[in-house]
Amino acid sequence: MPLDRRHLLTLGAAALAAPAFVRHARAADVPRFELGVASGHPEPDALVLWTRLTGLDLPAEVPVHWALAEDEAFSRIAASGTEIAVAADAHSVHAEPRGLDPGRGYFYRFSALGRQSDTGRSRTAPAPDAPATLRAAVASCQRFDHGQWAAWRHVAAQDVDLVMFLGDYIYEYESGPQAVRPHDGPQARTLAQYRARYAQYKSDPALQAAHAAGPWLLIWDDHEVDNDYAADQGQWLQGAAFLRQRAAAYKAWWEHQPVPKAMRPVGPDARIHHRLDWGRLARLHAVDNRQYRSTQACVPGFGLLGRNGFARSVSPARCAELRDPARTLLGQTQERWLADGWDPDRRWNLLAQQTLMARASRTPVSDHYSGTYWSDGWDGYPAARQRLLQGVADRQLPGVVTLGGDVHAHVVAGLKADFDDPRSPVIASEFCTTSISSNGAPQGLIDTLLQHNPHLLYGRSDQRGYLALQVDDRQLQATLMAVQRPQDALSPVSVAARFVVDPRQPGPQRD
Ligand SMILES: [Fe+2]
């Protein structure tokens, strides 16, 4: 049915349902932008602007006007348009202004049903051939029921060009009695449940402020769907049944994030890996380590109550599968896409990915057959990691820096093509940001990792916070930020440590 006819029918049904004055009163009184606004995917001439309408009385289709301006008063409009927010997509809006100026700040807002949204700030990427600097915040793991989000409040107060979110934007779990602020509803499995979880997370004013402060680059990890999932293997469901759950979770992710229409999932599949160039300064590679990965090595059998977790500690001496070169974390196609896309001409190649890349054995390591490894991260896919890092070494790429999250600890490391060979040189740098609010492992475990893995330069699981990056041609500076009182939404946030990287000399140096 053509859009205009559907639209007329919707209006007709609404007219039958309530007298005109009631509809009018309802439209003007109900808040429509309670989940805030967001922008993302900055290109030199384009952005994505996002919002989702709220209210129980929304018609099936609602025209939403958007405007992007050069000034906060919206007197100099750079682009504007109308998107139809539909119930089938949770009344989300993904507007894609084009023809914008590179490296420029903009303001944007939406209006619908007689209401206007708050104003967000955003910024296009610099022109591909222009000199540039980059100020970015890197974050992951914002478990709502574990704590408050003073870290986001702090990010929103900085003047950042880009926020990079590396996964675990929501957690699917039902909350226990210890929750600082409980999740609503049961463990998420259905589209309605995932949507409700995003709406609860996005009701937080600090998160809304961080979204409104600048454009985001987003990738997902496991908890946007199901703990420790791998391709079509969920924690409780597998195969077609799990793919239905994954389709619901991916759709809800797309509906709630400032990502392009082109990333819209098709059933259980969604391509989210992509690149963004930041002038002549840097190429940003963003990858997906969940959708295409091999199942974790040596998983325990499938019991009556499901697998109850894939990830565990494994040792190569007892798990030959661990080192099988056919196993992959990114999938063969994405591995090749990454290897072919490193840019030798830009000063920096920043890899936005989900988890710790450096080897992190819990026991002493003397060769490829010793050590004890967590099977869900890169340590569970050592051959794939070696292929990736050997590719970096072979191409003699300057300034490769991997950014990760997932481990709920600030970790800084030098990356080697062969971690088990003490003569293998450091060829890249790693900064793994701690969680925004998810609880960390005991510091004692991190201390053990520091002891057995000399390429790990820093590790603190007792800090919540984020990573602040400042990048120019001369150096990359990474500042590890720590929230002083994680249960206090207004807590101060302070500098825990600072490292720098010289693009001609791989490896982080303490500043
Ligand atoms: Fe997490």
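Student: Why does His91 count as buried?
Tutor: His91 has a relative accessibility of 8%. Buried means under 20% relative accessible area, exposed means over 50%, and partly exposed is in between (1.4 Å probe, protein chains only). With 8%, His91 therefore goes in the buried group. Bear in mind that this is a predicted model, where local features need pLDDT of at least 70 and side-chain atom pairs count only at pLDDT 80 or more, while totals for chains, interfaces and linings use all residues. Residues are numbered from 1 along each chain as its sequence is written, and side-chain values use heavy atoms, leaving out hydrogens and water.

Student: Where is His91, and what is its phi?
Tutor: His91 is in the loop between β4 (77-86) and β5 (92-95). Helices (H or I, at least four residues) and strands (E, at least two) are DSSP runs, numbered from the N terminus. The phi of His91 is near 55°, a positive value in a residue that isn't glycine. Most residues other than glycine have a negative phi.

Student: What about Cys298: buried, partly exposed or exposed?
Tutor: Cys298 has a relative accessible area of 22%, so it's partly exposed. You'll find Cys298 in the loop between β13 (282-286) and β14 (313-314). Cys298 also has a positive phi, about 50°, although it is not a glycine.

Student: How do you know that Thr402 is buried?
Tutor: Its relative accessibility is 1%, so Thr402 counts as buried. Thr402 is in strand β17. Contact means heavy atoms within 4.5 Å. Leaving aside neighbours within four places in sequence, Thr402 touches residues including Leu351, Leu415 and Phe431.

Student: What makes β17 and β19 a pair?
Tutor: Two strands pair if DSSP finds at least two bridges between them. Strand β17 (residues 400-404) and strand β19 (residues 426-432) have four bridges, in the parallel sense. Val401 stands opposite Ser429 in β19. Both strands are part of an open sheet of seven, ordered β12-β13-β15-β17-β19-β18-β20, with mixed pairing.

Student: Why do β12 and β20 count as edges of that sheet?
Tutor: Each of β12 (274-278) and β20 (456-460) has a single partner strand, so one side of each has no neighbour in the sheet.

Student: What makes α3 roughly parallel to α5?
Tutor: Axes are lines fitted to C-alpha atoms, for helices over the stretch in contact, and angles run from 0 to 180 degrees between N-to-C directions. Angles under 35 degrees count as roughly parallel, over 145 as roughly antiparallel, 65 to 115 as roughly perpendicular and the rest as oblique. Helix α3 (residues 150-157) and helix α5 (residues 205-213) pack at about 25°, with their axes 8 Å apart. That makes α3 roughly parallel to α5.

Student: Which residues of α3 and α5 meet, and how do they divide by class?
Tutor: On the α3 side are Trp152, Arg153, Val155 and Ala156, and they meet Ala206, Leu207, Ala209, Ala210 and Ala213 in α5. That contact has eight nonpolar, no polar and one charged residues. Here Ala, Val, Leu, Ile, Met, Phe, Trp, Tyr, Cys and Pro count as nonpolar, Asp, Glu, Lys and Arg as charged, and the others, Gly among them, as polar.
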